[in-house]
Amino acid sequence: MERLQRILKPGSYLLAIFHAEERDSAVSTCSYRIGDAKTLLISPRGMRPPAQFFNNRAVENLFKEFETVKFFLTRDHLREVIVKR
């Protein structure tokens, strides 16, 4: 997180995606690319066991040095987090 804090410009935003379901035995993985100003391209990469679960408090602690942290829960149990540097 220190490196992200250092390389992001002040006032810039970061999109982070976390799995929201703690009990999942396998989670889907995807590759994300910015298509244009209004499009995020998603390419499925298969399934894998979850590496680590982060609840809202843990995510807030990860980004504690950033200005703001906003959470959005998707229908497919992903926690999208927008962080402002």
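Is glutamate 60 exposed, partly exposed or buried, and what is its relative accessibility? Glutamate 60 counts as partly exposed, at 34% relative accessibility. On this scale, buried means under 20% relative accessible area, exposed means over 50%, and partly exposed lies in between, with a 1.4 Å probe and protein chains only.

Before we go on, a word on the model: it is predicted, so local features need pLDDT of at least 70 and side-chain atom pairs count only at pLDDT 80 or more, while totals for chains, interfaces and linings use all residues. Residues are numbered from 1 along each chain as its sequence is written, and side-chain values use heavy atoms, with hydrogens and water left out.

Let us stay with glutamate 60 and look at its partner. Arginine 57 forms a salt bridge with glutamate 60, and their closest N and O atoms are 3.3 Å apart. The term salt bridge stands for a side-chain nitrogen of Lys or Arg within 4 Å of a carboxyl oxygen of Asp or Glu. Both residues sit in helix α2 (residues 56-62), three residues apart, which is about one turn of the helix. Helices (H or I, at least four residues) and strands (E, at least two) are DSSP runs, numbered from the N terminus. Arginine 57 is exposed, its relative accessible area being 57%.

The structure holds three salt bridges. Another one links the side chains of lysine 84 and glutamate 67, at 3.8 Å from N to O. Lysine 84 lies in strand β5 (residues 78-84) and glutamate 67 in the loop between α2 and β4 (68-73), so this pair ties together parts that are 17 residues apart in sequence. Lysine 84 is partly exposed, with a relative accessible area of 22%, whereas glutamate 67 counts as exposed at 55%. Glutamate 21 and arginine 23 also meet through their side chains in a salt bridge, at 3.0 Å from N to O. Here glutamate 21 is partly exposed at 23% relative accessibility, and arginine 23 is exposed at 72%.

The largest nonpolar core has nine residues: Leu8, Leu14, Ala16, Phe18, Val59, Phe63, Phe66, Val81 and Val83. Such a core is a set of buried Ala, Val, Leu, Ile, Met, Phe, Trp, Tyr and Cys residues joined through side-chain atoms within 4.5 Å. Two or more of the core residues come from each of β1 (13-19) and β5, and β1 gives the largest share, three residues. Leucine 14 shows how the parts meet: leaving aside its neighbours within four places in sequence, its contacts (heavy atoms within 4.5 Å) are Leu4, Leu8, Phe63, Val81, Ile82 and Val83.

What about nonpolar residues on the surface? Tyr13, Leu15, Ile17, Tyr32, Ile34, Leu40, Ile42, Phe72 and Ile82 form a nonpolar patch there, with about 870 Å² of accessible area together. A nonpolar patch is built from residues with over 30% relative accessible area and no salt bridge, their side chains (Val, Leu, Ile, Met, Phe, Trp, Tyr) being joined within 5 Å; the areas come from the Shrake-Rupley method with a 1.4 Å probe. β1, β2 (27-36) and β3 (39-48) each supply at least two of its residues, and β1 gives the most, with three. Isoleucine 34, in strand β2, counts as exposed at 72% relative accessibility.

Finally, β2 and β3 run antiparallel and are joined by nine bridges; strands count as paired if DSSP finds at least two bridges between them. Threonine 29 stands opposite glycine 46 in β3, and a hairpin joins β2 to β3 through two residues.

Terms used. Patches are made of residues with over 30% relative accessible area and no salt bridge: like charges are joined within 9 Å, nonpolar side chains (Val, Leu, Ile, Met, Phe, Trp, Tyr) within 5 Å.
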